[in-house]
Amino acid sequence: MREFGKWAKVARTAAAVLGGALVAGLVVGVAARLLMRAILLAVDMPTSFSAGGTAAVLVAFAVLAVPAAATATARPAVRHAGRWVTVALTGWGSARNGLADAKMLLLADEDRLSVVAGLIVAFAVTAALHGRLAQYATRRLAGPSATGGETGRADITRGGTTGGDEGDTTGADTDDGNMNDGNTTPRAAAAPAS
């Protein structure tokens, strides 16, 4: 019976990785496709997209999310590395694709360049959030058993806080799966009992 539980946990984690990569690929792929259309509209170019091209974009973003999704339930250092691999691959692919259209951007009207620059920054932000979204979705799909039972919220019953990482009770904010680990200040501890 114990062997079955181990395999069930592995299967649940694998399904969560696949689901997290698909969710991130769908969300970021749709956002990227909309940004592509907006850039083309900003430079007065035709904006026709094929269903096959859109499907290829969604699949590509799902595949690029795999490193982050696969490391979503790992220790913090591995999780951060997986996230940054996804960000680097997504950013490289997006920049490479954008540079292929550089001639179009250079020939754009000068009064539209600020709009195009803003859309390019939005693309960069989308690439940067790709790994974080993949890990967020994977951790939510995996459930508390795959993430060490941590939810990343204050545990007042023990008089301390949890940072959301396996065994980390230092109170330092690390990666709690709530997409808010940019804050590195310690969380407030519960008031001491009188």
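Which residues is Ala 72 in contact with, once we leave aside its neighbours within four places in sequence? Keep that one in mind, and I'll come back to it.

Some housekeeping, everyone. This is a predicted model, where local features need pLDDT of at least 70, side-chain atom pairs count only at pLDDT 80 or more, and totals for chains, interfaces and linings use all residues. Residues are numbered from 1 along each chain as its sequence is written, and side-chain values use heavy atoms, with hydrogens and water left out.

Okay, helices. Helix H1 covers residues 2-42 and helix H2 covers 51-64; their axes come within 7 Å and cross at roughly 130 degrees. Those axes are lines fitted to C-alpha atoms over the stretch in contact, with angles from 0 to 180 degrees between N-to-C directions. That makes H1 oblique to H2; oblique is what's left after under 35 degrees (roughly parallel), over 145 (roughly antiparallel) and 65 to 115 (roughly perpendicular).

Who touches whom there? On the H1 side the residues include Leu 22, Leu 26 and Met 36, and on the H2 side they include Val 57, Leu 58 and Phe 61. Contact, by the way, means heavy atoms within 4.5 Å.

Now the middle of things. The largest nonpolar core has 23 residues, and Phe 123 and Ala 134 have the most contacts inside it. A core here is a set of buried Ala, Val, Leu, Ile, Met, Phe, Trp, Tyr and Cys residues joined through side-chain atoms within 4.5 Å. Buried means under 20% relative accessible area, exposed over 50%, and partly exposed in between, with a 1.4 Å probe and protein chains only. H1 gives the most to this core, ten residues. Looking past its sequence neighbours within four places, Phe 123 is in contact with Ala 32, Leu 35, Met 36, Ile 39 and Ser 94.

Two loops to finish. Asp 44 sits in the one between H1 and H2. Its phi is near 55 degrees, positive in a residue other than glycine, and Asp 44 is exposed, at 51% relative accessible area.

Ala 72 is in the loop between H3 and helix H4 (76-100), but this residue is buried, at 0%. Back to my opening question: its contacts are Arg 79, Gln 135, Thr 138 and Arg 139.

How values were computed. Helices (H or I, at least four residues) and strands (E, at least two) are DSSP runs, numbered from the N terminus.
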